[in-house]
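Welcome! Let us walk through this structure together, one part at a time.

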Amino acid sequence: MTIGVVMLVHTALGRAEQVARHWAAAGCPVVIHVDNTVPRKAYDRFVKSLADVPDLKFCKCFRCEWGTWGIVAASQAGSELMLASFSHVRHVFLASGSCLPLRPVKELQNYLAARPRTDFIESATTADVPWTVGGLDEERFTMRFPFSWKKQRYLFDKSVAIQRVLGFRRKLPNGIVPHMGSQWWCLTRQTLSAILQDPDRDVYDRYFRYVWIPDESYFQTLSRQYALKIESRSLTLSKFDFQGKPHIFYDDHLQLLRRSDCFVARKIWPYADRLYEAFLTNDADALKKTEPNPGKIDRIFAKAVERRTRGRSGLYMQSRFPNEDWENGVTAAPYSMFQGFSELFENFEPWLTKSTGARVHGHLFAPERVYYADNQTAINGALSDSAALRDYNARAFLTNLVWNTRGERQCFQFGPDDNQDVCWRIAKDPNAQVSVITGAWSVPLFPSNMDFADIRREAAQLQKIESEHMDILRSPYTKARVRIWTMAEFIEAPMEPLQGILDEIGHTKLNRISEVPRMVDLSGFGQFLQNLKNQGMHPYLMGDFPVERGITAAQKAPRKPYLVK
Amino acid sequence: MLLPRGLNQVYDEWGGEKASGVLLHAKFLDTFSAKALEELERGQHYAGSIEYKAYAESLQADPQLWCKWSERYINWRQLEILGLMSKGNWA
């Protein structure tokens, strides 16, 4: 008892010859189907080159266009010839010209000899598995497909659309349940002959002739009718990329394929000399009995698909330039933006550095230059401190900064005087932690030596900008973690908000804050705000700031008069 | 041969990464300041070698492009990790 190999060949005939010889040398009868489109001359040369191999036959040629009936017809013809000519064949293995055996054939023979009644065919119901990539699912079985998808795409699409409109549905013959799976199978003589000699085969063939991609469903469906024991997996390792095209294996996949312990792999690049050299040997010194283990390959290819379809969050470069809101994460890592803190606390930046260990920058978006941490003129990735370069694309500056410094938490100061182009991007970024003390921009104005009229104009301007920024942060599109306090609210109880922010940043060195940042001297600030009000400029972002702090707070509210009825 | 239009689209717009590489420009090689002077002497470039004049001038003032944030080249995987290129769908 042995296995017979049916090979479907359409190109790279030289490689097919090598593989056919390899199978035959191990005592496997081989039946080869050559695609009708192969030129007569090449076909004759191919047949002649294999003339000296015993137990090798060529079957009737069909035209095998992708997704059409031809491939099934070819598999049928090949299998029939195999079963009729070689009576000692127990398993028939369907392979293509670009399949390559990865383990000695003897190991495959032993493996199948130990499982004489098992059919290896991947076969799943369409209803349960959403396998198809960008194609038709259930409709493959309920519509007719008279047009070629490759050559008559327009007619193909139109006919699908028309059938959808008309609600056209075909009936499945004899109530079969459609199954799908890899077209590369290994079936027992019993199952295969039952399919091929079924009295209703005409009915099935007529039905499947107009099913879409019948090579992935004909044997997969019908084997369910007869098989005693189906192992729903293919012995042939084949990977598909995100577009549903088969991955091609090259020389650099050698080690990966070795470790997979799979029996056969496809597709192999015809010029992958090292692969063909390495695997087409039959030194059966130490036969392994291991199960195929494609897990590692699966993981690596799944990662490749993920890299291609999702990419690395926060990376913007020449081959990844996502449209807005399609970035799969705006930035690479969490970061914090503080507004009003360094105005209100004298030593906020050193204090934050000390208590979090994060890199704390000054105003990154300041009009005159970029204030990096430690007064540096450039940081990771040689990102410069030039305001002109930054303002050319401020949003990209931010994403670059976060990408370049990934692995280290970034914090920076922001304010209404800074470049506001980044406001929306930060607001929509789930990685952003935004903490704002509104109105704190007025604190540096208070001790400044400007004319009061200038101060008034400046304050009005800053208040307008900050108010717009707060509207953005409060919009329903905001995904950032936003905390907003008015200045009056914040200085009532500054510890609690600070503790909350530090806890969220995470890797704090201390559980509780031991050292507090120093607040600037605010005596007379209430009067300053009142002066602005008296000039007709109402600073409302600070909240309700008492004119004389301390005195008003100490004053007791006058008691309400009792009303005696 | 007319190539499919898709091949001209070099970047992915939906967050994924296409395969891309990196070119090393001659002006990042240490032989470049000598080369710039030589080309200036030959004067065989367009617009009176204006580009090479600029190169030679700025390189004379500050010939060192290496800075604290520069990295020593190791291999292509390093460039990929840095995000300068991508292997896309390659596994």
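Two residues are in contact here when they have heavy atoms within 4.5 Å. By that rule, the contact between the two chains takes 26 residues from chain B and 36 residues from chain A. This is a predicted model, in which local features need pLDDT of at least 70 and side-chain atom pairs count only at pLDDT 80 or more, while totals for chains, interfaces and linings use all residues. Residues are numbered from 1 along each chain as its sequence is written, chains are lettered from A and ligands numbered from 1 in the order in which they are written, and side-chain values use heavy atoms, with hydrogens and water left out.

Let us stay with the interface. The size of an interface is often given as the accessible area lost when the parts come together. Chain B and chain A bury about 2,400 Å² between them, 47% of it on carbon and sulfur atoms; buried area is the accessible area (1.4 Å probe) that two parts lose on being put together, summed over both. On the chain B side, B:Glu17, B:Trp69 and B:Asn89 supply 31% of the area buried against chain A, more than any other three residues.

What about charges? Between the chains there are 3 salt bridges, each a side-chain nitrogen of Lys or Arg within 4 Å of a carboxyl oxygen of Asp or Glu. A:Arg307 forms a salt bridge with B:Glu80, and their closest N and O atoms are 2.7 Å apart.

Now turn to confidence, given by pLDDT (the predictor's confidence in each residue, from 0 to 100). Chain A averages 89, and 93% of its residues score at least 70. Over residues 550–556 of chain A, however, the pLDDT is below 50, and beyond near neighbours in sequence this stretch has 1 contact in the model.

Next comes a sheet within chain A. Helices (H or I, at least four residues) and strands (E, at least two) are DSSP runs, numbered from the N terminus, and two strands pair if DSSP finds at least two bridges between them. An open sheet of 3 strands has the order β5-β12-β11 in chain A, with mixed pairing. Strands β5 (100–101) and β11 (236–237) of chain A each have a single partner strand, so one side of each is left without a neighbour in the sheet. Strands β5 and β12 (residues 264–265) of chain A run antiparallel, joined by 2 bridges, and A:Pro101 stands opposite A:Val264 in β12.
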